[in-house]
Amino acid sequence: MQIAIMLYPGFTALDFIGPYESLRYLPDAEVRFVWHETGPIAADSRVLLVGATHTFDETPSPEIVLIPGGFSTIEHARDEAVLDWVRSAHQTSTWTTSVCSGSVILAAAGLLEGKRATSHWAALPVLRTFGAKPVGDERIVPADDKTVTCAGVSAGIDLGLWLAGRIGGEAKAKAIQLSMEYDPQPPFDSGHMSKASASTKATATAMMGKELARPAALAATGGLLWDAALQRIRRGKRNQPDKEGQGALARPIRRK
């Protein structure tokens, strides 16, 4: 069973490490870290390096696709080669999944339109711009019978165990959970927006804001929202009859 975990510059480490630790124990699991090219890729800390083991071209039809999030997700959600691979791999995958803001890439690829989906709380509004139905109070959200999104960062561990249960059975998933000694008992109870105080929310937002305020991130955000707006406009025009009663798609779009 081939498991393709996309890595890209600026990924958040726990987003993929959590599900990786769960899924690698499945029988016949072959884990691939995929990107445009092989070699080391820096996490959002700019300190941790993880090696991409295979390219997109070398991994056209994995059984499981997993896309982590990170502060640079929106930049990569505008990469047509990334979106093309996601769409193509999704056609033959058994499971197409995301952790945290990785769901933005699924949305940009057109896989979440009209479907329930979740993400990190800071990225939920972006999902709506692509026609998804954001869910902010569920840890794991199946969009359909093969597409699954989960909430931010640490939720990837839950997603990995959830998938392990459906693929290998509940007994196997429980054994994996025990092997990881995954028994959450956090010292603080502020892990969800519904529980955090106003000051905690402000501090967390400021922490993330430093990364999201980078010029490249701001430009990518504006560009992605523009892309989404154009898609909505074009979809609307396609659904409107022209003067002859034909849809707009009956006429080719001319580009200068």
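Student: What makes α6 count as largely enclosed by the rest of the structure?
Tutor: Keep in mind that this is a predicted model. Buried means under 20% relative accessible area, and 10 of the 14 residues of α6 are buried, so the helix is largely enclosed by the rest of the structure. Among them are I157, L159, L161, W162 and L163.

Student: How do you know that the length of α6 agrees with its number of residues?
Tutor: At 1.5 Å a residue, the 14 residues of α6 (residues 155–168) should span 20 Å, and the end C-alpha atoms are 20 Å apart, so the two agree. After α6 comes G169, with a positive phi near 100 degrees.

Student: Why is the pair E170 and K174 called a salt bridge?
Tutor: The cut-off is 4 Å between a side-chain nitrogen of Lys or Arg and a carboxyl oxygen of Asp or Glu. E170 and K174 meet at 2.8 Å, N to O, so the pair passes that test. The two are four residues apart in helix α7 (residues 170–180), and therefore about one helical turn separates them.

Student: Why is E170 called exposed?
Tutor: Exposed means over 50% relative accessible area, and E170 has 52%, so the label applies.

Student: What makes D144 and K115 a salt bridge, and which parts does the pair tie together?
Tutor: Their closest N and O atoms are 2.6 Å apart, and the limit is 4 Å. D144 lies in the loop between β10 (140–142) and β11 (147–150), and K115 in the loop between α4 (102–108) and β8 (116–117), so the pair ties together parts 29 residues apart in sequence. D144, at 25% relative accessibility, is partly exposed, and K115, at 26%, is partly exposed too.

Student: Why is R32 called buried but E30 partly exposed?
Tutor: R32 has a relative accessible area of 13%, and buried means under 20%, so R32 is buried. E30 has 32%, which falls between 20% and 50%, so E30 is partly exposed. The two form a salt bridge, with the closest N and O atoms 2.7 Å apart.

Student: How many salt bridges does the rule give?
Tutor: The count comes to eight.

How values were computed:
Residues are numbered from 1 along each chain as its sequence is written. This is a predicted model: local features need pLDDT of at least 70, side-chain atom pairs count only at pLDDT 80 or more; totals for chains, interfaces and linings use all residues. Side-chain values use heavy atoms; hydrogens and water are left out. Buried means under 20% relative accessible area, exposed over 50%, partly exposed in between (1.4 Å probe, protein chains only). The expected span of a helix is 1.5 Å times one less than its number of residues.
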